Amino acid sequence: MATSSHSCGVCDARHINKPSTIWCTECDEGLCTECREHHSLSKGTRNHKVIPITEYTKLPADALKISQNCSKHNEKFQIYCQKHECPCCSKCIVESHKECHDIVNLDDVILNSKTSNALCEIEETLVEVAENLKNIREHQQDNLLTLKERRNEIEEEIKKTRIKLNNRLDKLQKYLIKQLN
């Protein structure tokens with residue numbers, strides 16, 4: 001992820017400060033209107049996926065932290081090893097995944113991920129968990145209210161018992177004084 005998503009990465013490199021209007025997911029930087037035009041016309045970058053900067057800034061922070069480059073080789077991830085469940089750059093494949101047979105194109109994995117059954121099941125599970133948490137919170141609030149009501153009832157009982165005991169002791173005192181006299 002670039003240091004500032006709000007300024008154009010190309011212009012920053014030229015020591016010019018211009019606001020970015022789009023985010024190139026493949027270059028991992030923002031582009032101003034002028035650089036956007038060059039980016040869309042250049043042979044090497046014309047097929048890059050871009051999104052409006054307003055949509056990019058709405059993405060969750062965790063999603064923005066996901067690197068698209070291999071930390072070991074600083075190359076773009078291109079392949080996905082299903083055996084090890086990890087994205088790989090071309091050098092990783094040669095060095096660490098020669099023996100792996102479950103290697104697929106990362107773009108295919110990403111395209112299928114949104115429609116996969118596993119993702120749907122996870123989404124359903126998250127909805128259920130959210131509903132359960134809501135129910136637990138409601139039950140907790142009901143329990144706290146019931147507990148408060150019960151506490152008030154017990155305090156009232158204690159006060160009534162105290163009054164009864166005091167009345168009984170007063171009667172006993174009068175009786176004993178009468179007997180003493």
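Which residues form a nonpolar patch on the surface, and with about how much accessible area together? Please also set out the salt bridges.

Author: This is a predicted model, in which local features need pLDDT of at least 70 and side-chain atom pairs count only at pLDDT 80 or more, while totals for chains, interfaces and linings use all residues. Residues are numbered from 1 along each chain as its sequence is written, and side-chain values use heavy atoms, with hydrogens and water left out.

The nonpolar patch consists of L169, L172, Y175 and L176, which together have about 400 Å² of accessible area. Patches are made of residues with over 30% relative accessible area and no salt bridge; nonpolar side chains (Val, Leu, Ile, Met, Phe, Trp, Tyr) are joined within 5 Å and like charges within 9 Å. The areas come from the Shrake-Rupley method with a 1.4 Å probe, and for residues only the protein chains shown count as cover.

The term denotes a side-chain nitrogen of Lys or Arg within 4 Å of a carboxyl oxygen of Asp or Glu. Because E155 and R151 are 4 residues apart in helix α7, about one helical turn separates them. E155 is partly exposed at 33% relative accessible area, whereas R151, at 56%, is exposed.

The structure holds 5 salt bridges. Another one pairs E34 with K18, with 3.2 Å between the closest N and O atoms. E34 lies in helix α2 (residues 33-41) and K18 in the loop between α1 (9-13) and β1 (22-24), so this pair ties together parts that are 16 residues apart in sequence. E34 is partly exposed at 42%, and K18 is partly exposed at 27%.

A further salt bridge joins the side chains of E95 and K72, at 3.5 Å from N to O. This pair links distant parts of the chain, 23 residues apart: E95 is in helix α5 (residues 90-96), and K72 is in the loop between α4 (61-65) and β4 (79-81). E95 is partly exposed at 46%, while K72 is exposed at 60%.

Definitions and conventions: Helix = DSSP H or I, 4+ residues; strand = E, 2+ residues; numbered from the N terminus. Buried < 20%, exposed > 50% of the residue type's maximum accessible area, 1.4 Å probe, protein only.
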